[in-house]
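Hi,

Here is the structure I promised to pass on. My notes on what turned up in it are below.

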Amino acid sequence: AARAAGEPVSSASTAMARLEEALGQSLLRRTDDGLALTLEGRRCRPAIERIAAQLQQLHGCAPDQLPPHSVGLAALFRLAEALRAGSVRRAAQSLGLGQPHLTRQIAQIERSLSVQVAERGDSGLALTAEGARLATAISLLEDEWHGLTTSLKPTSPVRATRPFSFGSVIPASP
């Protein structure tokens, strides 16, 4: 992965660790021959491949290419919230972010994807044609991501442990 991306191995390893942390599952394990998918990794593989394909399409890349500038899922989901809200201010409030931060993030996404998603005005955001296409693509991506993360949550409720009392402990000193 690192060779294909032209990045250091540590960057690919860190990216994989962040994905596993976000999913709350270990997807890879070390073997004598290198890396192998865990059972959860095998189960999640089709959904992850669909998400990767959607991201490549969103970035305008061929299936065997990586984008020159990638945009994170969290940033895309924040952009989608701003587009749904019709206002950067309202979206920032609902996301618990500062408006300048969200504005900068949207501008960075627009530069990375080479699109203008919305016209900004006194009444809020008005979607451009590219913005409408992008909003639809992000919505599909959100559905796929939420489907994946929901499928990884435990299906049975965690049992509360019964508290035990060991009696009272008298401190040795005040």
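A definition before anything else: contact means heavy atoms within 4.5 Å. Helices (H or I, at least four residues) and strands (E, at least two) are DSSP runs, numbered from the N terminus. Keep in mind that this is a predicted model, where local features need pLDDT of at least 70, side-chain atom pairs count only at pLDDT 80 or more, and totals for chains, interfaces and linings use all residues. Residues are numbered from 1 along each chain as its sequence is written, and side-chain values use heavy atoms, with hydrogens and water left out.

The overall layout: the chain has seven helices and four strands, in the order α-α-β-β-α-α-α-α-β-β-α along the sequence. It has 174 residues, and 28% of them count as buried (under 20% relative accessible area with a 1.4 Å probe, protein chains only; exposed is over 50%, partly exposed in between). Among contacts with a separation of 6 or more, 46% are between residues 24 or more positions apart.

Now α5, residues 88-95. Its buried residues are Val 88, Ala 91 and Ala 92. They sit on the same side of α5, because they cover an arc of only 100° around the axis (taken from the directions from the helix axis to the C-beta atoms). As a reminder, an α-helix has 3.6 residues a turn, so residues three or four places apart point the same way. The cover over the buried residues of α5 includes α4 (73-85), α6 (99-113) and β4 (124-127). At the start of α5, a side-chain oxygen of Ser 87 comes to within 3.2 Å of the backbone nitrogen of Arg 89. After α5 comes Gly 96, with a positive phi near 75°.

Another positive phi is at Ser 114, about 55°, although this residue is not a glycine. Ser 114 lies in the loop between α6 and β3 (118-121) and counts as exposed, at 65% relative accessibility.

Last, a helix pair. α2 (residues 9-23) and α7 (residues 129-151) pack at about 70°, their axes 9 Å apart (lines fitted to C-alpha atoms over the stretch in contact, with angles from 0 to 180 degrees between N-to-C directions). That makes α2 and α7 roughly perpendicular (65 to 115 degrees; under 35 is roughly parallel, over 145 roughly antiparallel, the rest oblique). On the α2 side, Leu 19, Ala 22 and Leu 23 meet Trp 145, Leu 148 and Thr 149 of α7.

Cheers

Key:
Polar contact = N/O pair within 3.5 Å; in protein donor to acceptor, adjacent residues only side chain to side chain.
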